[in-house]
Amino acid sequence: MQSTSVEFYHFSGSGNTLLVAEAMAAAFRRRGVPVAGHRIEKGFAGIEPGQCLGIAATVAYFSTYPFVWRFLESLPPSPRTSDGAGVEVFYAGTMAGFAGGAVGSIRKILTDKGYRPIGAKVFLMPSNYHNVAIDRSANERRASKARADAASFADDIAEGRAAWGRIPVVSDIVASLARREWGPRGFRKKFRLFFDRAKCVNCGLCAELCPIGNISLDPDGTPQMGDRCEYCQRCVSFCPEHAIGIPGATHQQYRSVTLEAVRSGTLGLPEEGGDAR
Ligand SMILES: Cc1cc2nc3c(=O)[nH]c(=O)nc-3n(C[C@H](O)[C@H](O)[C@H](O)COP(=O)(O)O)c2cc1C
Ligand code: SF4
Ligand code: SF4
């Protein structure tokens, strides 16, 4: 890596991708490379020549969420570095099994804008969807391995050893379906989230955390679920009363980080005026 710092944009529904991004940020910082964390849902804050752009986002619908695609599509063309090339970029994702359309398509969208791909990797993590039973020790083993692999991946990026492959046809077809909201449309028809008004304490957290503003609050604080849900699981994972869920009585709430980690988005650094985690 030629860049001297990393601007790291991340989205994570239940925390899995955030764990990986934090492990990478810690590894970069150990090498003396500063990392600034940014939540994707807050929008793009710009990039300068000499900085590396990092993207971390969940694998969903065999690619990623439509709002992540919209973020990637909204990125400006890369500024030019002193050697005339584009700004360096890497991608890290997490999945529960198969990520066919993520890596190659994200590479294409970024290279079309002039960014210079220096590495991509998808890490296996526990499923964050419809957990009927949660095997905590198996999940912890998976998460530990992903964190260690993520730290090695950051070292590979820093040392110029990482790669970013692409399977053109498969990636393009899957990503094109994802961008047309193929996944969420199907989910909205068959697996609408349920909201249990009797459990809700009107704390407003779900509305605060939804990355696409799909939850609004009535004047008395009762959440209203809109019809644009992309099923990222944030509200399901962090509702303190388990009032939002996947249809099915046996579903268990799953999350892998603290609420504070999601809220701050700094990838382990104290927020200005805040405390270190
Ligand atoms: C709506 C939805 C779609 C998903 N699609 C996939 C998928 O296509 N392939 C896969 O391996 N995992 C899939 N998963 C599982 C997540 O990718 C995995 O659990 C991930 O680590 C969650 O990361 P996060 O907590 O950072 O959002 C999906 C999860 C959800 C909620
Ligand atoms: S997070 Fe849960 S308890 Fe809080 S307002 Fe939303 S549904 Fe109600
Ligand atoms: S309503 Fe919940 S699951 Fe749907 S997009 Fe918002 S936070 Fe994600």
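How many nonpolar, polar and charged residues does the shell around ligand 1 have, by class? We'll start there and then walk through the rest of the model.

## Ground rules

This is a predicted model, so local features need pLDDT of at least 70 and side-chain atom pairs count only at pLDDT 80 or more, while totals for chains, interfaces and linings use all residues. Residues are numbered from 1 along each chain as its sequence is written, and chains are lettered from A and ligands numbered from 1 in the order in which they are written.

## Around ligand 1

Back to the opening question: by class, the shell around ligand 1 has 11 nonpolar, 12 polar and no charged residues. Here Ala, Val, Leu, Ile, Met, Phe, Trp, Tyr, Cys and Pro count as nonpolar, Asp, Glu, Lys and Arg as charged, and the others, Gly among them, as polar.

In total, 23 residues surround ligand 1, and the closest are Ser12, Gly13, Asn16, Thr17 and Met95. To be near a molecule, a residue needs its C-beta atom, placed from the backbone, within 6 Å of it. The elements that give two or more residues to this shell are helix 1 and strand 4 (88-95). Helices (H or I, at least four residues) and strands (E, at least two) are DSSP runs, numbered from the N terminus.

Ligand 2 has 13 residues around it, with Cys200, Cys203, Leu205, Cys206 and Cys239 coming nearest. Sorted by class, the shell around ligand 2 holds 10 nonpolar, 2 polar and 1 charged.

Ligand 3 also has 13 residues around it, and there Cys210, Cys229, Cys232, Arg234 and Cys235 come nearest. The shell around ligand 3 splits into 9 nonpolar, 2 polar and 2 charged. Its largest share, 3 residues, comes from helix 8 (residues 234-238).

## Strands side by side

Strand 1 (residues 5-11) is mostly covered, with 6 of its 7 residues buried. Buried means that 20 or more other C-beta atoms lie within 10 Å of a residue's own; exposed means 12 or fewer, partly exposed is in between, and C-beta atoms are placed from the backbone. Strand 1 runs parallel to strand 3 (residues 51-57), joined by 7 bridges, and Val6 has Cys52 as its bridge partner in strand 3. Two strands pair if DSSP finds at least two bridges between them. Strand 1 also runs parallel to strand 2 (residues 35-39), with 5 bridges, and Glu7 has Ala36 as its bridge partner there. From strand 1 the chain crosses through helix 1 (residues 16-30) to strand 2, and this β-α-β crossover is right-handed. That label applies if, with the strands pointing away from the viewer, the path from the first strand over the helix to the second runs clockwise.

Strand 3 is largely enclosed by the rest of the structure, because 6 of its 7 residues are buried. Strand 3 pairs with strand 4 in the parallel sense over 4 bridges, and Ile55 has Tyr91 as its bridge partner in strand 4. The chain crosses from strand 3 through helix 2 to strand 4, in another β-α-β crossover that is right-handed.

## Packing inside

The largest nonpolar core has 62 residues, and those with the most contacts inside it are Val20, Ala21, Met24, Val68, Val89, Ala92 and Ala150. Such a core is a set of buried Ala, Val, Leu, Ile, Met, Phe, Trp, Tyr and Cys residues joined through C-beta atoms within 7 Å. Helix 1 gives the most to this core, with 9 residues. A second, separate core has 10 residues, including Cys210, Ile215, Val236 and Ile244.

Ala26 lies in helix 1 and counts as partly exposed because it has 16 C-beta neighbours inside 10 Å. Leaving out residues up to four places away in sequence, Ala26 touches Ala151 and Gly268; touching means C-beta atoms, placed from the backbone, within 7 Å.

Most residues other than glycine have a negative phi. Tyr61 has a positive phi of about 55° although it is not a glycine, and its place is the loop between strand 3 and helix 2 (66-74). Tyr61 counts as buried because it has 21 C-beta neighbours inside 10 Å.

His130, another non-glycine residue with a positive phi, has a value near 45°. His130 is in the loop between strand 5 (116-124) and helix 4 (136-159).

Technical notes
Two residues are in contact if their C-beta atoms, placed from the backbone, lie within 7 Å.
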